[in-house]
Structures are given as C-alpha cells and as structure tokens.
Amino acid sequence: MRIRIVDAFTDRPFSGNPAGVLLLDSFPADDWLQKVAAEVNHAETAFAHPLPGDPEADWALRWFTPAAEVAMCGHATLAAAHVLHSTGAHEGPVRFATHSGVLVAAPREDGSFTLDFPTAPLTAAEIPPGVAGALGAEPLCAFDTGPNVGDLLVELADEKTVRALTPDHRALGAFSARGIIATARAEDPAQGYDFVSRCFFPNVGIDEDPVTGSAHTALAPFWSDRLGRPTLTGLQASPRSGLVRTEIRADRTLLGGRAVTVIDGELLA
C-alpha cells in the first residue's frame, strides 16, 4: 500500500511537522496500526478509509504517535486532507469521522486548508510544584486544556524565554495527560505572528512536537481573549518551526495552514 510523509503547517519541505499518511480500505487491527506508527517514527501517523454512504462523514480518520493513539491531531489531519486532494481521492471539503467528532478540512484557493476543530475548554489551574524546574522557566499562569488536548498550558514571561527552553522531558510527564504547552506573546508582531509556543509531549513518546494543531485549539482562545481579536497567527518555535492561522468561532477553532508531500513510497509489511 502507498505511504506518504507530509510536512504540515509549512509550504517548504523539511520544515513544519511531518506526518505519515496511509489511505486504507478499512482499519486493520490496532496492533498493526501502532507498529506502523512506530516504524514511521514521526509525531503522528494518520490512517484513513472512505465511508461510502455515510451521511455525516466522508472518511474515517485515526492518529497514532510512535507510542499511543491520540484523541485529536491537527497536523496529521491537515496532512491527510492534503494527500486526499493531491491524489484526487477527494474533492472539496473533507468530513473526517474521528474520536473527537466530525472534523472538517476545507481547501482554500491559495492552496492551504482550513481545519474546523472544537475549541479547547480552558480552566485556570494552580501552577504545579516542580513544573518550573522541569520546564526551566517560571510560569506566569497555568490552564488545563480539557480531555481532547490533554495538556497543561503555561504562559511564560516573553518570547525569548520560550525559545530558550531546554526542559527535562522525563520530568514534564508528571504534570498532565499528554504534556506541556509553553507560550508567550510575540516580541514583534510585525514579524507576522502574534504569539509563540513550544510543545513537549513525553507521555505519548514525543519530546518536542514541531508544530501542533491541537495545541492551537487551546492557544487560540487563550491569546484571542488577551489580544482582543478572533483571528491570530501563531508561530511554533521548534527547530523545524511552522505557522498556524487561528480563528475563534464560538465553540469552534479554525486552524489554517499548508502542507507539502516529501516522500511517496510503498509499505510492504
């Protein structure tokens, strides 16, 4: 079967967040899906199959890290939509049936896609003892991001602090189901982004995720509330880096970005 590696939330190869994408006739056993994701060894591998005759959705979609299945993933959804359109397997908006409900990926005239995801419910939380030492910086505040995202979101003093983080990844796993989102306001919005973030997910086998769509369903309401605008652009300041457009629409968050196929091959196992 065909397997593709797609760089998401970028318009250039070897940047953004890479995801494996496999289009199937149906889902094989979970054990096989997990082994393929471990072999691909990127932050996520997306598995999709068509749902002919389903009035609610066009394709079923699941996401696996090298270590576990996850409830929601933005960059691998973008990668799957990109593969469906670039191969002619689907035209127009794609409705994906997922563990997080029906998620829609709509193509835009400029070649990018807009993802329609549920907005993460943010709940103010006490800053856990020890998180500053594990992260390597003192948070200003902390928020729980709800079950779909499963992270602790922490605001740091400034962009420089976020960029300079060298956390203890093993220690970070004690503070949430998936990991930590660290964020700060952009130092210079004239550079084309309003806030920065970095994401560390040791509990699902990802020390640092390059560009995280699901995290932006929490970052978007956090920063839209502070900056007073529903539409923003976030820069995930990982070594690979990538931009995510965000727009708050009530209980939904729209995520915008591009994707590039970098490998197209054959899975033999």
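How many aromatic pairs does the structure hold? The model is a predicted one, and the structure holds five aromatic pairs. One of them joins Phe143 and Phe222 edge-to-face.

**Aromatic pairs**

- Phe143 and Phe222 sit 5.5 Å apart, centre to centre. Their planes make an angle of 75 degrees, and the pair is edge-to-face.
- Phe143 belongs to strand β10 (residues 141-144) and Phe222 to helix α6 (residues 213-227), so this pair ties together parts that are 79 residues apart in sequence.
- Phe143 and Phe222 are both buried.
- Ring pairs also build a cluster, which links Phe143, Phe195, Phe222 and Trp223.

**Arginines over rings**

- Arg178 lies over the face of Phe201, and the distance to the ring centre is 3.9 Å.
- Arg62 lies over the face of Phe27, at 5.4 Å from the ring centre.

**The largest pocket**

- The volume of the largest pocket is about 250 Å³.
- Its lining comprises 18 residues. Nearest the centre of the pocket lie Phe9, Thr10, Asp11, Leu243 and Arg258.
- β16 gives the most, with four residues.
- By residue type, the lining divides into eight polar, six charged and four nonpolar residues.

**Positive phi in the loops**

- Which loop holds Ser241? Ser241 is placed in the loop between β15 and β16.
- Ser241 is a residue other than glycine, yet its phi is positive, near 70 degrees.
- Ser241 has a relative accessibility of 25%, so it counts as partly exposed.
- Ala250 lies in the loop between β16 and β17.
- Ala250 is not a glycine either, and its phi is positive at about 55 degrees.
- Is Ala250 buried or exposed? Ala250 counts as exposed because its relative accessibility is 71%, and exposed means over 50%.

**How the parts connect**

- β16 links two of these topics. This strand gives four residues to the lining of the largest pocket. The loop with Ser241 lies between β15 and β16, and the loop with Ala250 lies between β16 and β17.

Note on methods:
Residues numbered from 1 in each chain as written. Predicted model: local features only at pLDDT ≥ 70, side-chain atom pairs only at ≥ 80, totals over all residues. Heavy atoms only, no water. Phe/Tyr/Trp six-rings, centres within 6.5 Å; stacked < 30°, edge-to-face > 60°. Helix = DSSP H or I, 4+ residues; strand = E, 2+ residues; numbered from the N terminus. Buried < 20%, exposed > 50% of the residue type's maximum accessible area, 1.4 Å probe, protein only. Lys NZ or Arg CZ within 6 Å of the ring centre and 35° of its normal. 1 Å grid on protein atoms, 1.4 Å probe; cavity = no way out; pocket = protein on both sides within 12 Å on 5 of 7 lines; lining within 4 Å. Points joined across faces, edges and corners; volume = space filled by probe spheres on them. Nonpolar A, V, L, I, M, F, W, Y, C, P; charged D, E, K, R; others polar.
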